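Visitor: I have a new structure to look at. Can you walk me through it?

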Amino acid sequence: MAGKGNKNAHRKGKESKTLFERIWTLANHRGFVFPSAEIYGGISGLYDLGPLGTKLKNNLVQAWREFFVLKETNPPVYELDGSTILPYEALKASGHLDSFTDPTVSCLKCKKWMRADHLIEDSLGLYVEGMPPEELTRIIRENNLVCPDCGGELSEVTVFNLMLSVKVGPAGGQTAFLRPETAQDIFMDFKRVQQSMRAKLPFGIAQIGKSYRNEISPRQGLMRVREFTQMEIEMFIHPKEIGNHPSFDKVKDIKIRILTREQQEKGETEPVEVTAQESLDKKILPNPYMAYYIAKETIFYQSLGIPYDKFHFRHMMPEETPFYSGGNFDLEVELSIGRKEIVGNAYRTNYDLFNHMKKSGKDLSVSVDGEKVIPEVVEPSFGVERAIYCILEHCYREDDGRGWSWFKFPIKIAPILALVLPLVRREPLMEIAFKTYQTLRENGLDVDYDDRGSIGKRYARADEIGIPFCITIDYDTPKANTVTIRDRDSRKQAVVNKDDLVEIIRKLYTGTIKFDDLVSS
Ligand code: ATP
């Protein structure tokens, strides 16, 4: 019953477009993402997620919450939902007011602003992140770099603070900022959470929410935007216990890929592969908390459809690392637009708590056996929008013989789990199909209904937005009470009893059964 579908869908102009452009166009057309306030021309770097993008994001966030928060028992992780507007004093204490900057350069002719390090990277292939402005100016001058848009002369490199300020209250108001990361709420609320949850070290505090950065030149769609969602965990650890993670055994044999500093110095790009345990034995990672998160991230991103050999953890070079850090390791994914960071893992030591204590005058230490302790912190910081783009690119399929491009989203994050369709627009098939759709939804399964167009076209449409299963109500349904389930990936079909459908779809969703179990039974 597999349909012919729309053979030439999305093929027009394909050869002339890059993979990024093709995926970005599809994501726009199919309602995953579009520019915010588009009817007024919008503001660059601000996007709205459409119905499918919202579902993909919600499923991704829920998968993350289950894996990194709800299933964590030792140490436990508590979640909070803090304000996105933070006072001047808080961001002065955290260091963001003084050093949350990027190097910028402008064109003296057309007045375009650019990130100086990105300009050098794009024009010369040199990686210069973290270099001081004078050095960047020197490189620009020595290489005669000019404005990529109009060829105009470039200014000196200066630094630009990335925070967006707001005035709170009437009559000029109080100066505040939209938070540039979710972490600072967590540090400021640390003592409250510890006391209200009667938490003992080690324990974690997680937060999922919006962060804002006034990026100099937003680009590459969702990869560099001005408003984005972060999922961050601050794990608070007794300084004497940093070498002992109570659940490390669960991940010790997980294989991870790391690009070490030594390799980067030699210009090597192929990461080393070690187990989490070996990463500690060989002193590649600074402590078992960092190794624990890197192992868990390795499992998590594969479950989102990003192949194991397409990402690694890069040890940031000294010039890219804050002075207080005990080690930063970015999860970088290989994409058609280059190698991009989607998670930052940082050993933040006790820097943030210490500074907030100093500037606020409030005691944020905890008492352990009568001794005052300022915990050390290991932080994994995940970006949602960058992950969404990575999922779109790594799940995108074309040229596999079916005649249309499609998304192979893993079942648990697919925006729509199944599509119910009558074989033709005739009764009683339409009525049975609609009732089946309602029953599945009433049972908490996120399915959709479609009765427009030929069955083949509807299968194609379902594939194009990555729906894992199609459930067809055909002429046998009224007679034998059976329905046909089509599997997106293999295009195989299985006939099952309609009364078992809710249970079957639920089991396919939870992974308790595989589609092939239905075909052979
Ligand atoms: P970059 O060097 O690319 O600007 P960063 O090192 O400043 O990123 P972090 O401060 O470590 O990023 O933030 C943690 C995560 O938040 C990043 O790994 C990324 O997924 C996400 N993120 C940060 N800035 C942006 C942005 N402008 N747009 C989308 N996601 C972002």
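The chat below takes up a sheet and then some strands.

Visitor: What kind of model is this?
Guide: This is a predicted model.

Visitor: Take strand 16 and strand 19. In what sense do they pair?
Guide: Antiparallel, over six bridges. Strand 16 covers residues 338-349, and strand 19 covers residues 376-383.

Visitor: Which residue is the bridge partner of Gly-344?
Guide: Ser-381, in strand 19.

Visitor: New topic: strand 24. Why is it called largely enclosed?
Guide: Five of the five residues of strand 24 (residues 469-473) are buried, so the rest of the structure largely encloses this strand.

Visitor: Which residues lie on which side?
Guide: Phe-469, Ile-471 and Ile-473 are on one side of strand 24. Cys-470 and Thr-472 are on the other. Both faces are covered.

Visitor: And strand 22 with strand 24, parallel or antiparallel?
Guide: Parallel, over five bridges. Strand 22 spans residues 418-422. Ala-418 stands opposite Phe-469 of strand 24.

Visitor: How about strand 24 and strand 25, over how many bridges do they pair?
Guide: Four, in the antiparallel sense. Strand 25 runs over residues 482-487.

Visitor: What stands opposite Ile-471 there?
Guide: Ile-485, in strand 25.

Key: Residues numbered from 1 in each chain as written. Predicted model: local features only at pLDDT ≥ 70, side-chain atom pairs only at ≥ 80, totals over all residues. Heavy atoms only, no water. Pairing = 2+ DSSP bridges. Helix = DSSP H or I, 4+ residues; strand = E, 2+ residues; numbered from the N terminus. Buried < 20%, exposed > 50% of the residue type's maximum accessible area, 1.4 Å probe, protein only.
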